[in-house]
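Have it open while you read.

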Amino acid sequence: MGDLLDRRLIFVTGKGGVGKTTVAASLALLSAERGRRTLVCEVDAKGNLAESFEAGPTGFEPREISARLWAMSMDTEASLRQYLSLQLRLPVVARIGPLAKMFDYVATAAPGVREIVTVGKLCWEVREGHYDTVVVDASASGHVVGQLAAPQAINQLVKVGLVRLQTGWMLDILGDPATTGVVVVATPAEMPVSETLGLVERLRDETNVALAAVVVNRVLPELFSRQEEELFDRLASDELRGALEVELGVDPRPLFEAARFMVATRRSRTEHLERLRRGIDAEVPLLYVPYLFLRSHGLRATHQVADALGAELGY
Amino acid sequence: MPDSGPRSLDELVVGKEVVIVCGSGGVGKTTTAAALGAMAAVTHGGRVLVLTVDPARRLADALGLPEFGNEARRVPPAAFGPAGSEARGELWAAMLDTKQSWDALVHRHAPDAETEARILENPLYQNVAGKFVQSHDYIAVERLYELHREGRFDLIVVDTPPTRNAVDFIEAPERMAELFSSRLLRLLIAPYRSRMVNLASRPFYQVADRILGSDFLSDIAEFFILFQTMYSGFVERARAVEALLAERRTTFVVVSTLEAAPAHEAEFFMKLLRAKRFHVGGLVLNRVLPAYLADPVVSDSAARVVAEADRLAEVLYPLVDAEAPKVASVLAEVGETCRNLQVVARAEATQRDQLSVLAEVVATAPELEADIHDLAGLLRLGRSIWG
């Protein structure tokens, strides 16, 4: 299947709150570091992507934020206008004023139009070769299938017209596993794992886009070996804790509680990790990113996640 | 904050008829909504309905229901039994079925059976009702209104759809009314009502026809023409639904974790709710680290254990029957772990202070070691945030 970052179009998705945006930002950073001209695009314009890079707000017009790395935010109206002018070659009159507003209403009412201008813009950037790689901070798992399946849906809904003609080449780009792939981000917890497995199934059944990798984010460290854990239990016993308290001058109980909390939390998550591994085809790589005990959530976190992903990918 | 305001979720919920639970995805919204509903049924009595949009089987299982759908079902009283608490009231649950709810809405407002049938068969309608995200928001509010109006429940707790941000949910009725009364819409469907096409709008139809094809365009037009037969009922309804959200009997409970992104969204949403004069009654913070971790004394001793691990190991190793370096390594690991968790706990404390001023009542729930699988688990979570 080749290397993850050899693909031209990578959609990053996952359940809300699993760190999807950070992973997308990190993959884009890695791609640029490896010498590829990379565009990273935030689809749900919440501004979280800009925070990951700490490089000011992003807009529809891609902006170079570091060497070989451009960032943009999807704007369906702007995308529709660009689509109308560049691909459908419509006269200016149709793209401004009340007519443009009308299209917005049609787009609101007609399912798939918003999705197609989003996916269409991304595919177009790939087709035109403006960038070597396009990384998409896509919608959360609830909506991403609708987005990726939009070209097919439009094909069924719209029988004639230019829009239908346009969907063919998009389907070619999306359907080629060497070109396009989906990265699903999960955390080792019940709901994110269940949603990931459900999403993987829906991607297979309802879209023609291949699953490229699953990123498991926020994996807690293994604190102790079995032997060390026995030693830990003895150290945490009343007698030993008393001896330690004498040495420190304060009650060390909270320290042991904190360590025990970490061990217990990690253990409760192991079964979800195993369920995830069992549920995903063996040839799809699982990439593990450790939990980051960080104060910041900006560029520093993005770099650390990029380092972890780079190590997993063998860079 | 005035003295008369509620001091706990218990006091907040007892005075309300509708509690709308919202927040970004993955913060435990559905579970929190169910826990609040269960606690209200147990402590306040009456009939409590939890209206969820989450199709996860887990909630149905946790509530002891074999299945649940658009029709409210009562949680069997036996489910409370093993949970060790006598419910004073009844707990009911329903799951929003978007398609069914839309069909019911059409049925209610369509002028005659033929129009109803034509709407239900329209391809655009089928797409709108089934897939269209914003329609999901609207129908959730609409269903809430219907259930409230029926008067069968004393309290309805709503778990809102996982929208990009919950703003879409509160603005859905307004937008729906706007769409139906818009001049643009009338312009769009005009040529399908009469053969006279206004000269000024001609470029639009030419363009639209080129892009979308006339079949699709006529599907759109038919859809809106049919929907316009329901216009007055629909708009009136959307206004009433909107009014219910703003009433005194209604309150919003925002759920978040203290991680940066969800907290950021919760803050934005609470500010927006307040600006729109909705009642932000509660803020529930899930998966919060234990308070002792933010204690400076603990942080000090953790730092010392790391720095003095070798010396401490020399003292302790004869007592545990292990080699000194092994003891030192375990001690250092313990101290390091504590310090790691503290970094996160301190960031959480700051985040919490910033958010707390935006809601009347703030409750925190710890990171749960096990997932919730039954009513007992929901009540355990409920009790930790209720008081």
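On the cut-offs used here, buried takes 20 or more other C-beta atoms within 10 Å of a residue's own, exposed takes 12 or fewer, and partly exposed is in between, with C-beta atoms placed from the backbone. Asp321(B) sits in the loop between helix H15 (309-320) and helix H16 (324-356) of chain B, and its phi is near 60°, a positive value in a residue other than glycine.

Arg287(B) has a positive phi too, near 55°, and again this is not a glycine. The setting is strand S7 (residues 280-288) of chain B. Arg287(B) counts as partly exposed because it has 18 C-beta neighbours inside 10 Å.

## Ground rules

This is a predicted model: local features need pLDDT of at least 70, side-chain atom pairs count only at pLDDT 80 or more, and totals for chains, interfaces and linings use all residues. Residues are numbered from 1 along each chain as its sequence is written, while chains are lettered from A and ligands numbered from 1 in the order in which they are written.

## The two chains

Chain A comes to 13 helices and 8 strands, and chain B has 17 helices and 8 strands. These are DSSP runs numbered from the N terminus: helices are H or I with at least four residues, strands are E with at least two. Of the 315 residues of chain A, 48% are buried; for the 387 residues of chain B the figure is 47%.

Now take contacts, meaning C-beta atoms, placed from the backbone, within 7 Å. Among those between residues at least 6 apart in sequence, 73% in chain A join residues at least 24 apart. In chain B, 77% of such contacts do.

## Domains of chain B

Chain B splits into domain 1 (9-179 + 244-289 + 367-386) and domain 2 (293-347), with bounds from an automatic or database domain assignment. Their C-alpha centres lie 45 Å apart.

## Nonpolar cores

A nonpolar core here is a set of buried Ala, Val, Leu, Ile, Met, Phe, Trp, Tyr and Cys residues joined through C-beta atoms within 7 Å. The largest has 96 residues, and Val21(B), Leu36(B), Ala38(B), Val157(B) and Val254(B) have the most contacts inside it. Helix H2 (residues 29-43) of chain B gives the most to this core, with 9 residues. Apart from it lies another core of 76 residues, including Cys41(A), Val200(A), Ala301(A) and Ala306(A).

Leaving aside neighbours within four places in sequence, the contacts of Leu36(B) include Val21(B), Val157(B), Val253(B) and Gly382(B).

Notes: Two residues are in contact if their C-beta atoms, placed from the backbone, lie within 7 Å.
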